[in-house]
There are 2 protein chains.
Amino acid sequence: MSKHLTKRAEDYSKWYNELIVKADMAENSAVRGCMVIKPYGFAIWEKMQAELDRMFKETGHQNAYFPLFVPKSLFEAEEKNAEGFAKECAVVTHYRLQNDPDNEGKLRVDPEAKLEEELVVRPTSEAIIWNTYKGWIQSHRDLPLLINQWANVVRWEMRTRLFLRTAEFLWQEGHTAHATKEEAVAEAKQMQEVYATFAEQFMAMPVVRGAKSESERFAGADDTLTIEALMQDGKALQAGTSHFLGQNFAKAFDVKYTSREGKQEYVWATSWGVSTRLIGGLIMTHSDDAGLVLPPKLAPIQVVIVPIYKGEDQLNAIFDKVEPIIKELKSKGISVKFDDRDTMRPGAKFAEYELKGVPVRVAMGKRDLENGTVEVARRDTFEKQTINQDGLVEFVEKLLNEIQENLFTKALNYRNDHITEVDTFDEFKDVIKNKGGFVSAHWDGTIETEDKIKELTKATIRCIPNDAKEEEGKCVFTGGPSSKRVLFAKAY
Amino acid sequence: MSKHLTKRAEDYSKWYNELIVKADMAENSAVRGCMVIKPYGFAIWEKMQAELDRMFKETGHQNAYFPLFVPKSLFEAEEKNAEGFAKECAVVTHYRLQNDPDNEGKLRVDPEAKLEEELVVRPTSEAIIWNTYKGWIQSHRDLPLLINQWANVVRWEMRTRLFLRTAEFLWQEGHTAHATKEEAVAEAKQMQEVYATFAEQFMAMPVVRGAKSESERFAGADDTLTIEALMQDGKALQAGTSHFLGQNFAKAFDVKYTSREGKQEYVWATSWGVSTRLIGGLIMTHSDDAGLVLPPKLAPIQVVIVPIYKGEDQLNAIFDKVEPIIKELKSKGISVKFDDRDTMRPGAKFAEYELKGVPVRVAMGKRDLENGTVEVARRDTFEKQTINQDGLVEFVEKLLNEIQENLFTKALNYRNDHITEVDTFDEFKDVIKNKGGFVSAHWDGTIETEDKIKELTKATIRCIPNDAKEEEGKCVFTGGPSSKRVLFAKAY
């Protein structure tokens with residue numbers, strides 16, 4: 001493959017796809033719409049998982065595991081949910097292959113091994129989980145039930161894209177049951193805030209916290225809370241959702257509890273999830289024409305040390321200096337790689353680590369050995385500095401924090417510069433077409449208007465922000481009354 | 001459900017199933033042969049995963065993720081492997097459901113949405129992974145390739161049993177590629193040793209390291225290394241396998257590399273896996289008629305503290321004493337639960353934690369408050385001791401180590417008492433029938449003899465132990481020449 005990476009300004013979409021492959025994060029597989037997540041990409045997912053899992057446990061949740069398959073009949077129980085997912089699911093109909101008698105060496109489905117009831121590969125697990133919860137919940141003492149699952153799910157998407165939209169993806173799905181509506185609403189809000197905190201503090205990706213309009217809601221939810229991020233190309237990305245499910249699944253699966261007062265009541269539910277899609281968001285928030293840019297808190301390699309040497313003796317002399325530094329960095333929980341490969345020149349190594357988004361690069365050559373110095377380069381700004389070896393560990397520690405903050409600030413400024421208030425539909429179209437980003441506008445609250453705007457501009461309502469001010473206004477499209485601005489954008 | 005747990009001597013199999021359900025580890029689901037792993041069971045799996053993952057990374061492996069589905073044609077590429085798995089796999093044939101026009105509210109497969117090529121839900125991932133490796137391996141510099149995947153797999157087993165044999169299960173599968181046969185053989189051995197170390201040091205479950213006979217080998221392997229454990233009922237359990245795959249998959253998928261000498265060579269391969277089956281082994285190695293017994297290193301809760309009190313004041317006084325102790329235990333990485341539920345009597349709590357296998361129980365009552373003491377009970381021996389509160393943390397720390405060792409020693413003694421050398425087939429049958437455990441016997445090395453012995457006794461060759469001595473002998477069944485004893489047993 002050519003080393004050249006397409007520039008973002010040339011073709012953003014091509015840049016994105018090339019970057020993922022060149023940075024060794026993922027690739028398309030032999031299975032339509034399914035990707036292979038390569039070790040470097042998976043290491044980022046593992047870091048995300050570790051932080052999210054810690055946050056889920058700190059908020060009282062436990063992990064469990066439910067079956068991959070959902071019998072068709074369970075899938076039918078919640079009508080809206082079934083409608084939302086039936087159109088795009090993988091269906092298991094048989095449980096055996098056999099040698100094809102007409103075609104030596106080939107296999108075919110054994111027609112005798114047809115399942116009595118088809119099994120759907122889970123597109124999401126509400127149905128199988130609520131069918132299970134029925135057996136777990138009898139009394140108010142069994143509530144709240146706070147469970148999370150890390151799993152793979154399958155949605156038969158027609159247009160797929162690495163990380164952003166794949167037929168199979170990895171995610172976590174929380175499924176909770178509560179005695180009261182208030183508790184369930186509070187849980188859904190809490191998990192939206194957990195996601196927002198993770199996005200901002202770890203991914204350095206600012207998000208807008210808001211609620212979905214009715215037509216953008218999860219099938220089967222009474223309310224869908226979302227965190228919406230803005231990518232560099234001006235398109236929005238739904239980065240995580242947290243649903244208040246009301247009593248819809250409890251009623252569909254007949255899950256009741258005996259209250260303290262001895263009454264039988266349906267329970268209240270939430271579900272919430274984020275997926276490997278976050279990696280797509282991470283890429284499109286920070287990366288540049290030289291390749292990936294990773295926030296230090298999620299970088300698999302935080303610091304790379306490249307020796308610049310001629311011959312074994314110089315390499316050994318450099319290693320003697322570097323070894324205690326590596327040890328000290330590691331003891332502080334900083335991941336370091338020492339790259340002494342002799343099959344590659346330093347310049348090529350520098351380019352590789354730029355492509356892979358390693359936040360800090362340290363180079364040490366002959367002159368550094370003489371002077372007791374090293375050269376430190378940061379990935380986010382490409383700035384280089386020569387510093388004393390003595391202070392390197394402290395310098396790097398501080399620099400990693402600085403890079404983390406800088407990435408967030410930069411992304412936040414870009415995002416804030418791309419929330420444009422408009423009051424006319426001409427302005428609306430102009431901003432969507434020429435500037436991109438979020439358009440903050442009044443909307444009359446009807447699905448018809450939403451659909452019409454989408455048809456004309458491809459922009460959808462991303463969310464009704466949690467912090468939207470009450471203000472009297474007129475719908476940007478119909479002129480009908482509105483009390484709040486909502487955010488529109490084109491979206492991934 | 002009744003609180004009564006069937007005794008092992010009454011019905012071992014019933015005891016096993018009841019224990020899992022009563023200890024809240026897992027249950028059968030609405031999907032035939034698939035289980036739900038409940039939070040308490042899943043927490044044990046998470047502890048296992050964390051240790052194994054650390055060991056894999058320490059030996060140079062990285063995690064990645066490959067698709068759930070294997071196109072039928074890839075599945076056909078390695079003939080033996082295909083034959084081994086085709087008989088028991090879930091097959092996806094369609095990608096959409098639709099409303100059933102003949103049956104309102106019901107869904108049916110959309111006949112228009114038939115896949116051109118059927119997809120098999122992975123029973124194991126050699127085929128999809130080797131098809132991918134073809135694109136990753138060109139030069140000797142790309143080797144070795146050391147990759148592991150944590151995933152769910154599906155095998156359409158007819159007789160299933162919680163943890164031991166389920167249609168869907170969770171596992172890890174390592175898949176490595178090497179330049180030479182020697183390296184691949186060494187890798188397979190290394191991973192067998194990693195599994196053995198994990199089983200013995202964390203699960204406190206002694207294992208025999210050995211190789212499988214040809215007929216018990218993994219389909220597609222040249223050699224299958226195994227770790228075999230012995231359960232309390234005298235049956236063996238294959239707890240983990242590590243396969244030397246030769247060049248079988250490299251040839252099937254045409255994976256070659258350019259050697260240092262510039263020649264094109266097929267690569268050499270291994271694969272290795274352990275699964276949630278280990279939890280079944282853990283249960284059947286240590287547990288007793290009172291319930292689960294967990295080795296401290298894998299127990300989700302290592303210490304439970306139960307206050308015995310009347311009224312708020314006493315509870316508060318106990319909590320004041322206990323709080324700094326909990327803090328200190330936690331700071332040492334020991335997981336502690338303080339159970340002050342007022343809906344349950346202390347005796348019922350004691351029984352619950354016995355059932356759940358919590359290694360150490362600490363009780364503190366009014367008299368303890370006056371005397372500055374606590375009562376400490378260990379789960380493995382039921383021994384109780386009253387000790388001073390001052391020394392509790394050190395005492396518990398030591399006790400956890402002692403319990404871990406004691407469980408291993410007990411299991412090792414049982415296992416060693418159940419390896420019986422026999423030299424006649426009458427003895428063989430007698431031991432298999434009446435004593436159980438491993439029978440160490442000479443075998444003439446033929447599949448015919450192995451099959452015949454299995455037919456007559458239900459015992460199979462579990463392994464040819466790595467440390468089997470060379471000795472001249474006669475096959476216990478045919479009298480044919482043999483140079484080593486092998487281990488037979490009935491197995492799960």
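This is a predicted model: local features need pLDDT of at least 70, side-chain atom pairs count only at pLDDT 80 or more; totals for chains, interfaces and linings use all residues.
Student: How many residues of chain A are in contact with chain B?

Tutor: On the side of chain A there are 64 residues in contact, and they meet 64 residues of chain B.

Student: What area is buried between the two chains?

Tutor: The area buried between chain A and chain B is about 5,100 Å². Carbon and sulfur atoms give 68% of that area.

Student: Which three residues of chain A supply more of its buried area than any other three?

Tutor: They are A:Tyr65, A:Leu97 and A:Leu107, which supply 13% of the area that chain A buries against chain B.

Student: How many salt bridges are there between the chains?

Tutor: The count between chain A and chain B is four. One of them joins B:Lys57 to A:Glu46, and the closest N and O atoms of this pair are 3.0 Å apart.

Student: Changing topic to strands: how do β5 of chain A and β5 of chain B pair?

Tutor: They pair in the antiparallel sense over three bridges, and each strand spans residues 91-94 of its chain. Within this pairing, A:His94 stands opposite B:Val91.

Student: What holds paired strands together in general?

Tutor: Strands of a sheet pair through backbone hydrogen bonds, in either a parallel or an antiparallel way.

Student: What is the strand order of the open sheet of six strands?

Tutor: The order is β4(A)-β8(A)-β5(A)-β5(B)-β8(B)-β4(B), with antiparallel pairing. The edge strands are β4 of chain A and β4 of chain B, each of which pairs on one side only. Neighbouring strands of this sheet are turned against each other by 45° on average, direction ignored.

Student: Which residues stand opposite each other in the chain A part?

Tutor: Strand β4 (residues 69-71) of chain A runs antiparallel to β8 (residues 114-121) of chain A, with three bridges between them; here A:Phe69 stands opposite A:Val121. Three bridges also join β5(A) to β8(A), and A:Val92 has A:Leu119 as its bridge partner.

Student: What about β5 and β8 in chain B?

Tutor: These two strands also pair in the antiparallel sense over three bridges. B:Val91 stands opposite B:Val120 in β8(B).

Student: How many strands does the open sheet with mixed pairing in chain B have?

Tutor: That sheet has 11 strands, in the order β3-β9-β10-β16-β13-β12-β11-β24-β27-β23-β22.

Student: Why is one side of β3 and of β22 left without a neighbour in the sheet?

Tutor: β3 (62-63) and β22 (419-421) of chain B stand at the edges and each has a single partner strand, so one side of each is left without a neighbour.

Student: How do β24 and β27 of chain B pair?

Tutor: Strand β24 (residues 460-465) and strand β27 (residues 485-489) pair in the antiparallel sense over three bridges. B:Cys463 in this pairing stands opposite B:Leu487.

Student: Which strands does helix α13 of chain B lie across?

Tutor: Helix α13 (residues 425-435) lies across β22, β23 (438-442) and β27 of chain B, and runs at about 170° to β23(B). Helix α6 (residues 181-201) of chain B lies across several strands, including β9 (145-154) and β16 (268-275), and runs at about 10° to β16(B).

Conventions: Residues are numbered from 1 along each chain as its sequence is written. Chains are lettered from A and ligands numbered from 1 in the order in which they are written. Side-chain values use heavy atoms; hydrogens and water are left out. Contact means heavy atoms within 4.5 Å. Buried area is the accessible area (1.4 Å probe) that two parts lose on being put together, summed over both. A salt bridge is a side-chain nitrogen of Lys or Arg within 4 Å of a carboxyl oxygen of Asp or Glu. Two strands pair if DSSP finds at least two bridges between them. Helices (H or I, at least four residues) and strands (E, at least two) are DSSP runs, numbered from the N terminus. Axes are lines fitted to C-alpha atoms, for helices over the stretch in contact, and angles run from 0 to 180 degrees between N-to-C directions.
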